[in-house]
Amino acid sequence: MQRRDLIRYGMAAGAALLPMGFAANLWTRSAQAEQVAPFSTRLRVPRVLSPYFSTSTEDYYKMDLVESTASILPGLKTPVLTFNGQFPGPTIRARRGRATRVKITNRLTTPTSIHLHGADVPAESDGHPTDEIVPGASKTYRYGNIQPAATLWYHDHVHHLESEHVYRGLSGLYLIDDDETDALGLPSGAYDLPLQIRDAHLGPAGELVYTWNDFASRTSVLVNGGFQPTHEVRGTQYRIRLANVSNTRPLRLRLSDASEMVQIASDGGLLSRPVPCTEVELWPAERAEVVVDFSRYAAGTKLMLENVFAGPSRPDRQILQFEVTGPAAATWTPPALLRSHPDLGTPIVTRNIDFVWSEANGGFYSIDGQGYDPHRVQFQVRRGTTELWHVNNSDAVRNFPHSMHVHLVQFRVLDRNGVPVGEGEAYPKDTVRIPAGQNVRMLVKFDTPYTGIYPFHCHFLDHAAHSMMAQLEVVP
Ligand SMILES: [Cu+2]
């Protein structure tokens with residue numbers, strides 16, 4: 001039986017079906033990571049990919065999926081799966097209204113399907129789980145970039161193998177810019193800093209150990225592909241793009257002195273106004289942009305970015321060090337308003353959707369008690385209309401957490417168990433956290449020119465692989 005079949009039938013060796021609270025007690029740390037002096041390596045910032053061809057309306061890119069090695073821990077070469085040999089993949093910078101073509105050639109030994117997370121794209125370019133690029137083949141994805149500026153990310157989405165593929169490196173950022181965001185004069189260039197944060201289980205030789213659903217062992221947190229890196233910052237403001245690209249690790253991020261950050265964007269782009277905060281909670285696949293003002297620190301100050309979900313005594317709490325250099329100057333003043341958001345209208349349909357572990361067939365992650373079937377459409381939605389979704393996590397036994405991602409659209413999160421959510425996680429969202437015991441209400445408007453079949457699924461990718469995924473069909 002091949003590995004993908006093992007995953008499919010839930011018999012992958014060592015599969016640990018542990019609720020989070022229990023898993024935390026089993027915390028261990030790889031001996032190799034423990035030997036590395038913290039913050040002894042420099043943060044890497046993935047380079048921006050250049051188009052190989054451009055017309056007046058479109059940029060053409062190509063990326064090869066290849067096996068390579070990465071330096072995650074100093075002195076060790078970790079085998080990884082990559083876009084163009086880079087871990088994480090190169091960043092693509094697109095512009096609203098200007099189309100992009102990305103030709104992907106699969107030089108791996110397994111099929112892939114590349115999804116642009118958070119993007120409003122045609123179904124044939126969505127990276128559907130069964131729309132495989134088989135080994136040796138190529139596919140060109142076409143993205144219209146018709147949506148507002150946002151921090152999106154691309155990653156493998158092929159059915160069953162997406163979890164291990166992304167874990168081994170198949171992801172990267174895709175940033176859309178637009179005139180409206182440019183006009184805000186946000187920190188740019190070296191002061192526009194993307195941080196892709198993810199969990200990993202590093203073995204004795206620095207290798208990435210993948211065991212399906214093994215949350216408990218993935219205790220090393222990598223930032224832009226490095227373990228506990230350090231980054232020199234000037235005494236000024238930075239636009240920091242935080243992306244939780246973990247398979248299974250929720251993050252609650254803050255600066256080690258608990259000082260203020262200003263959140264300016266969520267998954268799908270700018271908030272309506274700046275939101276001061278001291279913490280940003282991001283579950284797998286969620287993003288947020290914050291402006292951090294380092295001018296308040298004296299040159300020489302060292303400051304940590306921490307994940308407070310890891311307790312104070314845990315060595316995986318501090319994930320990145322900022323080292324402040326002088327001189328200090330703050331140049332950006334947050335405006336009262338960032339962007340006016342569309343009125344999502346009045347819902348014409350209400351749906352109840354349950355993300356829950358099912359004990360049937362030996363146990364699996366289900367949506368409404370069902371596993372993923374690429375031939376089944378859960379429901380049809382009418383393009384241009386608005387729906388009210390009650391997304392429930394009714395798991396009262398194992399308390400598994402989930403984060404739900406809906407392809408194609410940005411939605412508005414209204415409330416959790418009746419309590420309105422904060423502005424920082426309301427709109428625009430494409431992924432929402434669904435802790436056990438919560439019912440999350442959200443408005444979803446299918447405001448898109450496209451029709452066809454699109455998945456919605458848990459973005460704890462180990463859960464999606466087995467098989468917490470379903471699909472809807474957008475009809476005219
Ligand atoms: Cu899940």
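Let's start with Lys429, which sits in the loop that runs between strand 29 (419-420) and strand 30 (431-434). Keep in mind that this is a predicted model. Lys429 has a relative accessibility of 2%, so it counts as buried, the cut-off being under 20%. Its side chain makes a polar contact of 2.7 Å with the side chain of Glu286. Setting aside neighbours within four places in sequence, Lys429 also touches Ser266, Asp267, Val409, Gln410, Phe411 and Val413.

Now for the nonpolar parts. The largest nonpolar core takes in 49 residues, and Met442 is among those with the most contacts inside it, along with Ile72, Trp389, Met404, Val406, Phe456 and Leu472. Another core lies apart from that one, with 28 residues that include Val221, Tyr238, Leu255 and Phe294. Back to Met442: leaving out residues up to four places away in sequence, its contacts include Trp389, Met404, Val406, Phe411 and Val413.

Then there's an open sheet of six strands, with mixed pairing and the order 1-14-22-21-16-19. Strand 1 and strand 19 are at the edges, each pairing on one side only. Inside the order, strand 16 and strand 21 run antiparallel and are joined by three bridges.

| Strand | Residues |
|---|---|
| Strand 1 | 41-42 |
| Strand 16 | 251-255 |
| Strand 19 | 280-282 |
| Strand 21 | 302-307 |

Notes:
Residues are numbered from 1 along each chain as its sequence is written. This is a predicted model: local features need pLDDT of at least 70, side-chain atom pairs count only at pLDDT 80 or more; totals for chains, interfaces and linings use all residues. Side-chain values use heavy atoms; hydrogens and water are left out. A nonpolar core is a set of buried Ala, Val, Leu, Ile, Met, Phe, Trp, Tyr and Cys residues joined through side-chain atoms within 4.5 Å. Buried means under 20% relative accessible area, exposed over 50%, partly exposed in between (1.4 Å probe, protein chains only). Contact means heavy atoms within 4.5 Å. Helices (H or I, at least four residues) and strands (E, at least two) are DSSP runs, numbered from the N terminus. A polar contact is a pair of N or O atoms within 3.5 Å; within protein, one must be able to donate a hydrogen and the other to accept it, and residues adjacent in sequence count only if both atoms are side-chain atoms. Two strands pair if DSSP finds at least two bridges between them.
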